[in-house]
Amino acid sequence: MTTRLAIAIGLLASANALGAVTFEKDVKPIFRVHCAGCHNQDDAASDFAADGFDGVLAGGAGGEVVAPGDPDGSRLWRLITHAEQPAMPPGGDKLPDAQLAVVRAWIEGGLLKDDQSKPMVSKKAAIAVVDVGDLGKPVGEPAMPKDWYREPVVTSDAVGPVESIAASAWAPAAAVPWQRQVALYHTETSALLGVTPYLEGAPHVVRFSRDGSLLLVAGGREGALGTAAIIDVVSGARLATVGDELDTVLAADISPDNRLVAIGGPKKKVRVYRVVDGSLAYTCEKHTDWVTAVAFSPDNQLLATGDRSAGLRLWQAEAGHERGDLRGHSLAITSLAWRPGVLASASEDGTVRWWNSAGAQVKSFPAHGGGALSVAFASDGRLVTAGRDRLVKLWNADAGHVADLTQTDDVALAAVFAHGDKRVVASDWSGKVRVVDIETKQPVAMLTPNPPTLAERVEAADKSLADLQAKHAEATTLSAEKGKALELAQQAHDAFNQRLADAEQSLAAARRSLDEAQATLKGRTGAEARASEAKSAADTALAEAAKKLEEARKANAPSVSDLVAAVADADSAVHAATAALGETQTLRVEAEGLAGHAAQRKSDADQLLAEVGSQRAGLPDLVPLQAEAEAATKALQEMAQQVAQATTTRDAAVAERERYAAAADELAKRAEQTLAEVTTLEAAAAEAASREAEAAQAAEAAAEATKALQAQLEAIKEQIRDSRAKQAESKQSLASLEAEAAAQQAKLAEAQRRAQVAEAQLNDLKATSEWRAEHVAKE
C-alpha cells in the first residue's frame, strides 16, 4: 500500500497548475453570444444583466443567480443546463458542453473577475447551525461513527501524555488524541470506532459539539503551526479547518450553535472564527500569557478564556466584547467547564472555583494537591476533576466531595463523564486512558491512543481464530468423550435396571406362588381338621352304638337287630371318616411340599434381588457424568459461538483492510488519470495557444498589410478587398481558436479541480504512509 500511495502522491505533486477561468477572459464571450441579447444593462429582462461581471453577481428579480464554489446551488447554472425552468437560452438547445464546462469551472473557481482577482468565499454553510435550546439535544438519532477507517497514522510501542479527552453527551463515543490522529471508541463496548488523522501535528484539544454531531480537534506544531479541524462524527470527513496560527493551539471550543470556533495558545490571543467561511470574527487581546483554556457557555451568550498567569475573562460570545475580569486564582488556569449559569475553573493552585454569569465568584474549594488540571460537569450538575495528585475525584452538584474514583499511574491530565453519566473516562501522563464505573469505582476498560494497524488487526484476528478453532477441536473431543462416558454409564444403568426388574419380577412370581401354596395348604389343613372332627364324631357315634348294643344284648331287648344295624352304620361312618382323614392328610402333606417349594423360590428370588441390589453401588454416578456432559456440550456451543464471532471479526478486519487498500488504489488510479488528463490538456492548451498566437500574428500581419494598402487605396482597390477578405478569414479563424482554447481551458480547470479533490482525499492516506515509512526508517 505504501508503494501505491507514494506513486499517487508523486503523480499529484507533478501536476502543474495552469491559469484559472475568469469572467472577463472566458465567460463573458459566452454570455455575450447566448445571453446578452435579452439580458444586458440597457434591456435587462427579469432585471438581470449578463453582459458584465457586476450584473451577473447582482442577479435578477429573484435574487442572486451564482454562488461561489457551488454550481449546483447556482440558479444560473440550473437554467443554462435546462435542469430548471425557464430553460436558457429560451426556445433553444443547451450551450455546447465545452462552454458549459467553462461556466462551471468559473463558478467552482470562486467567480474570478480577471487574473488579478481572488476567489470569493462560498456563502453556503458547510456545517448546519443548531438550536442551543434543550442543552443541544440532537434531533433524531444521536451521531455515531459509521464506516470510519481504522488505520492509524502513527503506531509505536509506547505513547506519551494524553492531554485531552472528549465524550459525546448523547452517544457512547469518546475521542482519544495522540500524535497526528484521534481515535474514537465506544464507551460501553470499548470497540474502536475509527481513527481520524490530524496531519497538522499533535492534537492538544478534542471537543464534541453540544449536539454531538461534530468533533473539534485542535493543536499543531510548536512554534510553527496551529489549527482547529471540524470533523463530522458520522462520516469522519473533515468539514472545515479554521485558524492559521504561528504556534500550536492549546485551547479550543466550538459554540453551542456550531457557528463559531475559539482557539488560543502561546501567542496570548484568543481568535474566534466563523465556521461558515473560516473568516475571523474577532480577537480577544487582553491576556498577558499563553491562553490555556476556552469554553463557550451553554446558552451561547458568553465565552470564558483562561491563561497561564491566572488570568480569567468573560467575553460576549457573538462579537467579543469583554464582560468580566474574574480574579481569584493564583496560578495557571488549566481547564474550564460550564453548566447553565455556572462556570467552573480549575487551576494549578489546586482549587476549583465557581463563577456566575456576571463574573462573581460563588464557590471555591481545594480539589487536588499540587494542581487541578481538569474539570467537567455531568448533565445533573455533578463534577469530575483530575489533578497532579494522580486522583480522579467525583463531586456532587453542591461541590461536595463524593469519592475518589480512581488513582492513575501518573499525573491525571483529563477526566470527563461518558454518555449516561455512569462512567468517567480519564487520561494520565503515561498515556493510559481508562473507563471507570462510578458505582463500583473500578476501571472497566482501557482505551489505547495507539490502536493497531489494519494489518495487525487481521493478524491478531487470524491468530485468535486459529486459537479458538484449536480450542473448539479440543472441546469437540472432550464433548465426545464425555458423551461416550455418559452413554456407557447409561447403558450400565439400563442393564442394571433390567436385571433389577427381572429379579423383582421373579420375586413377585415367587410371592404369588407362595401365596397360592399357602392358601392351598390352609385349605388342606382346614379339610383335614374337618375330616378329623368327622372321624371323631363317627368314633363317638360307633362307641355309643356299640354300648347301646351291649346293653340291649344283656337285657335281651327286642331292638337288638336295629342296634346291630346302627353299629354297622356307625362303623361304616368311622371307616369313611378314617378314609377321608387319610386323604386330607395326604393332600395336606402335598400342600406342605408345594408351600415349601414356593417358599424356597421366594427365598431364591429375595437372594437374587439382594444380589442385584448390591450391584447398584458399583454403577457409575450419572449425575456428575450428566453434568460433565452438559457442561462439555455447553462449552462446545459457546466455543462454536466464539469461533463464529472470531470468524466474523476476522472477515470484517480483512474486508476493512481490503476497503482501505481499494480506496488507496482508487485514489492512486484517479491521480494517474488526472495527471494524464492534465498532461493531455496542457499539450492541447499549448497547441491551442500556439495556434492562437499564429492566428494573431496572421491577423496582425493582415491588419498591417491592410493599413499599408490603404495608402494606395485608389490604385489597388482589388488588393484591398482581397486583404480585407483575408483579414476577416483570419479573425474568424482566431475566434474559432479562441473558443477552442476556452474549451480546453475549461477541461483543464475541471481536471485541476479533480486533482485537488483527489489530493485532499489522499492527504489522510499520505500521512499514514509517510509516518510509517519514517517509523520504519528510524527503527
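Two residues are said to be in contact when heavy atoms of each lie within 4.5 Å. By that criterion, in this predicted model, Leu405 touches Val384, Val392, Lys393, Leu394, Val424, Val436, Ile438 and Lys441, leaving aside residues up to four places away in sequence.

Leu405 also belongs to the largest nonpolar core, a set of 30 residues. Together with Ile165, Val384, Val392, Val424 and Val425, Leu405 is among the residues with the most contacts inside that core. Two or more core residues come from each of strand 3 (181–186), strand 4 (192–197), strand 22 (383–387), strand 23 (391–395), strand 25 (412–417), strand 26 (423–428) and strand 27 (433–437). Strand 25 supplies the largest share, with 5 residues. Another core lies apart from this one; it has 23 residues, including Val27, Phe53, Val56 and Val65. In soluble globular proteins, nonpolar side chains tend to be buried together.

Four strands form an open sheet in the order 5-6-7-8, with antiparallel pairing. Strand 5 (202–208) and strand 8 (238–245) each have a single partner strand and stand at the edges, so one side of each lacks a neighbour in the sheet. On average, neighbouring strands here are turned by 20° against each other, direction ignored. Strand 5 pairs with strand 6 (residues 214–221) in the antiparallel sense over 6 bridges, and Ala202 has Gly220 in strand 6 as its bridge partner.

A hairpin is formed by strand 11 and strand 12, with 5 residues between them. Strand 11 (residues 270–274) and strand 12 (residues 280–284) are antiparallel and share 4 bridges; Val272 stands opposite Tyr282 of strand 12. In the turn, Gly278 has a positive phi of about 75°.

Note on methods
Residues are numbered from 1 along each chain as its sequence is written. This is a predicted model: local features need pLDDT of at least 70, side-chain atom pairs count only at pLDDT 80 or more; totals for chains, interfaces and linings use all residues. Side-chain values use heavy atoms; hydrogens and water are left out. Two strands pair if DSSP finds at least two bridges between them. A nonpolar core is a set of buried Ala, Val, Leu, Ile, Met, Phe, Trp, Tyr and Cys residues joined through side-chain atoms within 4.5 Å. Buried means under 20% relative accessible area, exposed over 50%, partly exposed in between (1.4 Å probe, protein chains only). Axes are lines fitted to C-alpha atoms, for helices over the stretch in contact, and angles run from 0 to 180 degrees between N-to-C directions.
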